[in-house]
Amino acid sequence: MATLDFGGVIEEVVTEDEFPLERAREVLNNEIVAVIGYGVQGPGQALNMRDNGIRVIVGQRRGGASWERAVNDGFVPGETLFSPEEAAERGTVIQYLLSDAGQVALWPKIKPCLHEGNTLYFSHGFGIVYKDQTGIVPPPHVDVVLVAPKGSGRTVRTNFLDGSGINASFAVFQDFTGRAREKALALGIAIGSGYLFPTTFEREVYSDLTGERGILMGALAGVMEAQYRLLRRHGHSPSEAFNETVEELTQSLIRLVGENGMDWMFANCSTTAQRGALDWAPRFRDAVAPLFDELYRRVQSGEETRRVLEANSAPDYREKLNRELATMHDSEMWRAGAVVRSLRPENRKS
Ligand SMILES: NC(=O)c1ccc[n+]([C@@H]2O[C@H](COP(=O)([O-])OP(=O)(O)OC[C@H]3O[C@@H](n4cnc5c(N)ncnc54)[C@H](OP(=O)(O)O)[C@@H]3O)[C@@H](O)[C@H]2O)c1
């Protein structure tokens, strides 16, 4: 573990310096990693591990686009590609990467495939923490670990291919063999994590559900829409409203935040912008604080989980989600966004 000082708070993190890929290969030498689910995380993690020399098989139900994708990615039916149950039976590390609702549906079939000393692996604390709703209670004779990449499965793969990595948290819920922690770290390194930081299943799921409902997606989309509508109400053109709300953020400012931090970005904007942003940031913070409190309470109480499981277990859940996503896609703000993006020099050349 490397000890790092996060602005006065000391944290222990693990990088490839402390846990080299060679060691991960040794730890996983006798394991067959069964990646159950070839949706978003499944391909990213499976392909990175395979490229890193780990024995990987995939468990995916037949007949859909995900099965085809696994075949196209070089997994061979009957050799390295099976039904979820058969892959779980053949694997010694079972990476449970179905959608969270899918994990609940398939659990009764997967549980009997977990044999003594196997490792059950999650990328989200959801199934375990909300066990009252999910029914996912692992048998006592297996290790239960978590590695949760802090990014989309797509970036798990693209960052691996460009030589960087995605930071991930790791946790041990149940240590039957006494080797659960080293297996979790080995798997974290093998899927191409940047640095790994320790968490618990509970903290992982609480922060993750809060983050995606909050600043990463829900809150961000909400405040963008509020500002765009305000500007449009006051007669600003779609181009002006979109550029002041989204384009300047994504094409300039947030890149600077990523590279050097919000403090640096502030310090490198005009003093007019600095004065205003320093005045308004605390007002926005205080205005949304009660909403964030409510969000965290609903995450803790399992209300958000109930909503997800009810909505996403319906047979037509995908169509319903797609209808809502289409409404967003067709809104004036995101149609304006498509036009603005098409005018970027790199898009005009082609
Ligand atoms: N998305 C991310 O980038 C991300 C990031 C961090 C952590 N995670 C976590 O990683 C895990 C996997 O997430 P994901 O986004 O990769 O999931 P996803 O794309 O929604 O995964 C869907 C997979 O689950 C299968 N599936 C769904 N319902 C099923 C059912 N009833 N029976 C059998 N198979 C079923 C799908 O098969 P079909 O294609 O045939 O429907 C597909 O293989 C979750 O725990 C998630 O919270 C995800």
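Colleague: Hi! A residue is buried if 20 or more other C-beta atoms, placed from the backbone, lie within 10 Å of its own, exposed if 12 or fewer, and partly exposed in between. With that in mind, which way do the residues of strand β3 point, and are they buried or exposed?

Modeller: First, this is a predicted model, where local features need pLDDT of at least 70 and side-chain atom pairs count only at pLDDT 80 or more, while totals for chains, interfaces and linings use all residues. Residues are numbered from 1 along each chain as its sequence is written. In β3 (residues 33–36), V33 and V35 point one way, A34 and I36 point the other way, and all are buried. Strands here are DSSP runs of E, at least two residues, and helices are runs of H or I, at least four, numbered from the N terminus.

Colleague: Thanks! Which strands does β3 pair with?

Modeller: β4 (residues 56–59) runs parallel to β3 and is joined to it by four bridges; β6 (residues 93–96) also pairs with β3 in the parallel sense, over four bridges. Pairing takes at least two DSSP bridges between the strands. A34 has I57 as its bridge partner in β4, while in β6 V33 is bridged to V93 and I36 to Y96.

Colleague: How does the chain cross from β3 to β4?

Modeller: Through α2, in a right-handed β-α-β crossover. Right-handed says that, with the strands pointing away from the viewer, the path from the first strand over the helix to the second runs clockwise.

Colleague: And what is the strand order in the open sheet?

Modeller: β5-β4-β3-β6-β7-β8-β9-β10, eight strands with mixed pairing. β5 (81–82) and β10 (193–198) each have a single partner strand, so one side of each lacks a neighbour in the sheet.

Colleague: Switching topic: how many residues surround the ligand?

Modeller: 24, with G39, S66, S99, G102 and H124 the closest.

Colleague: What is the shell like by class?

Modeller: It has nine nonpolar, 13 polar and two charged residues. Ala, Val, Leu, Ile, Met, Phe, Trp, Tyr, Cys and Pro count as nonpolar, Asp, Glu, Lys and Arg as charged, and the others, Gly among them, as polar.

Colleague: Last one: how is the chain divided into domains?

Modeller: Domain 1 covers 2–199 and domain 2 covers 214–349, with bounds from an automatic or database domain assignment. Seven residues of domain 1 are in contact with seven of domain 2, contact being C-beta atoms, placed from the backbone, within 7 Å. Helix α5 (residues 100–110) supplies the largest share of the domain 1 side, three residues.

How values were computed: Two residues are in contact if their C-beta atoms, placed from the backbone, lie within 7 Å. A residue is near a molecule or strand if its C-beta atom, placed from the backbone, lies within 6 Å of it.
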